Amino acid sequence: MKFIGRKEELKKLSWAINSEELMFGLIYGRRRVGKSELVSHAISNIEYKSLYYECKQVSAESNASGLSDIVSETLGLPKLGYSDIESLLNYIFELSTKEKMVLVLDEYPYLRESVKGMDSILQSLVDKYRKISKLTLIILGSYVEVMKSLLEKENPLYGRVDVTIDLKQMDYYESSLFYPNYSAEDKVRIYSVFGGIPYYNRLVDDAKSVEENIIDLIASPGARLENEVSSYLRSELSKMVNANEVFEALSRGYSKYNDILSQSHVSSGPTLVDVLDKLIKMEVVEKTAPINDSSNRKKTSYRISDNLSLFYYRYVFKYSSQMKIMNSETFYKKYIEKDFEEYYVPHMFENVCRQYLIRENRAGRIEPVIERIGKYYYDNPKNRTNGEFDIVTEDEKGYGFYEVKFRKKQVSNEVIDEEISQVEATGLNCYKYVFFSRSGFNCDKRDNVELIMLNDIFVSE
C-alpha cells in the first residue's frame, strides 16, 4: 500500500533513525491519525535492525515476555528469559553499543501503566548510554495528554527527548491524494466528511460517487465507520451524555459558550467548561478567538474540528432512529443531501480555503507573508450591528479579506461590489480582497481584488 504525505515528519524521523548517536523520539497524536504507519514506513527500508513492539494493557511480565519474543525473533537469538522490562531494555541498550539499532515502543502509555516508574527507567537508561549507544528509541502514544506530560519539567524524561512529533490530521491537499480520481468539487465534499485521518481516507473508493461512499462508510446501519466517533469518545471520556449534548449544539452551529450552555442540557457552567476542555485536548473541538480581539472571552467561539465527528452528529446521531428503519438511499435523500450540499459543504469549504492560505504561506508563495489568519469581529454601534468575517489575514501591509463561494453561480462584479461595501461599512480597512469560487468568475480585473478558482487549490506542487 502506497504511503501518502507526511514529508516533514518523515524528514525529522529519518534524521533521528540514521544518527550514529543515541536518539530519543516521542510521537503523539489522536487515534487513527497514522502514528504507527508513519514509523513503520520510516523504518521499512533501513539497513539497521529494528525492534517494533506494540505495548498492551497487560501485566508488566506479559509485556516483558512480548518484547523478549520480538528481540529473539528479530535478532535471531534463542528465546530470552527476561521477566521484567528494565532488565530487558538494559540488554537492548547494551547491544546497541556495538551496532546501530532502532527500538519502537508503540502505545507507550500502556507500558507506563503496567510498569511502576517506567519513565524513570527510560531516563536512567538514556542517561547511562547517551554517549556510547547507537540506539534510536521511539515511543508512540494515542493518549495525547499522557504523552505531553512526558515533556513537562516535573517528568523524569524532561530534557531527554531529541525529536518530538505532534502528529496532526492531514490538510485538505494531502487528504485528496487518497482519492485522486475525484473532481476538485468532490474532493472538497469527501474531505468535508472524512477530514484528514489517513485511516478513514484509505477506505474511500474514488470509483464510487461521494454519496455512495458516505452511505457505505458512515450513513447506513452497520457501516464501517458508523460507530467510529462514539467508540473513540468512549475510550477517552467517562461520561458520554454531556459530550453528546455539546456535540449536538456545536453541530447545529452554536459556537459561543453561552449559546452552547443554553442549547444543550449540560447541568452547569463548570461542567461545560470541563467537557469543552477535555474535547479540546482530544483534538476534536477547537477554541478560537477573532484576530482583532483575541483576549476577549465573550468573543471566544468553539467548533468541531474533526470532520467525521461533525458529520456524524449533524446527520447520523441526530437521525439514528430513522436510519435504522429506512432504505439507505432514501435516508440520504431525505436527511442529508440538501443540507449537505447547500450548507454543510459550503461551510467546510471555508476551512479548506483557510488551509490553502496557510499551505501557500508556509511554502513562501504569499507576499508579504501572512502573520495572522482567522475570524475578524466587527461592532458598529451606529447601525447596531455586529458579527464576524470568517477569513481575514493580517500582514505588514494591513488586513486582507477573503470571501468563499461554493455555489453553481459564477462570482460577478455585483457580488464583489456588495461584499466590499459590506466590509467597508463595518470600518474594516483592507488593502486587498480575495475571492474563492467553485464555479469561476464573470467579472472585471481589479488591482486590489484577487480571484482564485477551486481547481487552483489542488494544483500539484
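How many cavities of 30 Å³ or more does a search of the whole structure find? The search finds one. This is a predicted model, in which local features need pLDDT of at least 70 and side-chain atom pairs count only at pLDDT 80 or more, while totals for chains, interfaces and linings use all residues. Residues are numbered from 1 along each chain as its sequence is written, and side-chain values use heavy atoms, with hydrogens and water left out.

**Overall form**

- The protein chain contains 19 helices and 14 strands (DSSP runs numbered from the N terminus: H or I of at least four residues for helices, E of at least two for strands).
- For 461 residues, a compact globule would have a radius of gyration near 23 Å, and the 25 Å of the protein chain agrees with this (taken over C-alpha atoms; the globule rule is 2.2 Å times the number of residues to the power 0.38).
- Along the principal axes, the C-alpha atoms of the protein chain fill a box of roughly 80 × 55 × 50 Å.
- Of the 461 residues, 52% count as buried (under 20% relative accessible area, with exposed over 50% and partly exposed in between; 1.4 Å probe, protein chains only).
- The accessible surface of the protein chain comes to about 22,300 Å², and 45% of that surface belongs to carbon and sulfur atoms (Shrake-Rupley method with a 1.4 Å probe; for residues, only the protein chains shown count as cover).
- Among contacts between residues at least 6 apart in sequence, 67% join residues at least 24 apart (contact means heavy atoms within 4.5 Å).

- The largest cavity holds about 60 Å³ of space (a cavity is a set of points, on a 1 Å grid over the protein atoms alone, where a 1.4 Å probe fits but cannot get out; a pocket is an open set with protein on both sides within 12 Å along at least five of seven lines; lining residues have an atom within 4 Å of a point).
- A volume is the space filled by probe spheres set on the points, and grid points are joined across faces, edges and corners.
- The lining of the largest cavity includes Phe3, Ile4, Arg6, Met170 and Arg202.
- Its residues divide into seven nonpolar, one polar and three charged (Ala, Val, Leu, Ile, Met, Phe, Trp, Tyr, Cys and Pro count as nonpolar, Asp, Glu, Lys and Arg as charged, and the others, Gly among them, as polar).
- Arg6 lies in the segment before helix 1 (7-17), is buried at a relative accessible area of 4%, and has a positive phi near 60°.

- Helix 14 (257-263) and helix 15 (269-281) each supply at least two lining residues; the largest share, four residues, comes from helix 15.
- Glu283 is placed in the loop between helix 15 and strand 6 (285-288), where phi of Glu283 is near 65°.
- The relative accessible area of Glu283 is 16%, so this residue is buried.

**The cis peptide at Pro368**

- The peptide bond from Glu367 to Pro368 is cis, with omega near -5°.
- Pro368 sits in the loop between helix 18 (328-362) and strand 8 (372-380) and is buried, with a relative accessible area of 5%.
- Not counting residues up to four places away in sequence, Pro368 touches Asp395, Glu396, Lys397 and Tyr431.
- Pro368 and Glu396 are 28 residues apart in sequence, and their C-alpha atoms are 6.9 Å apart in space.
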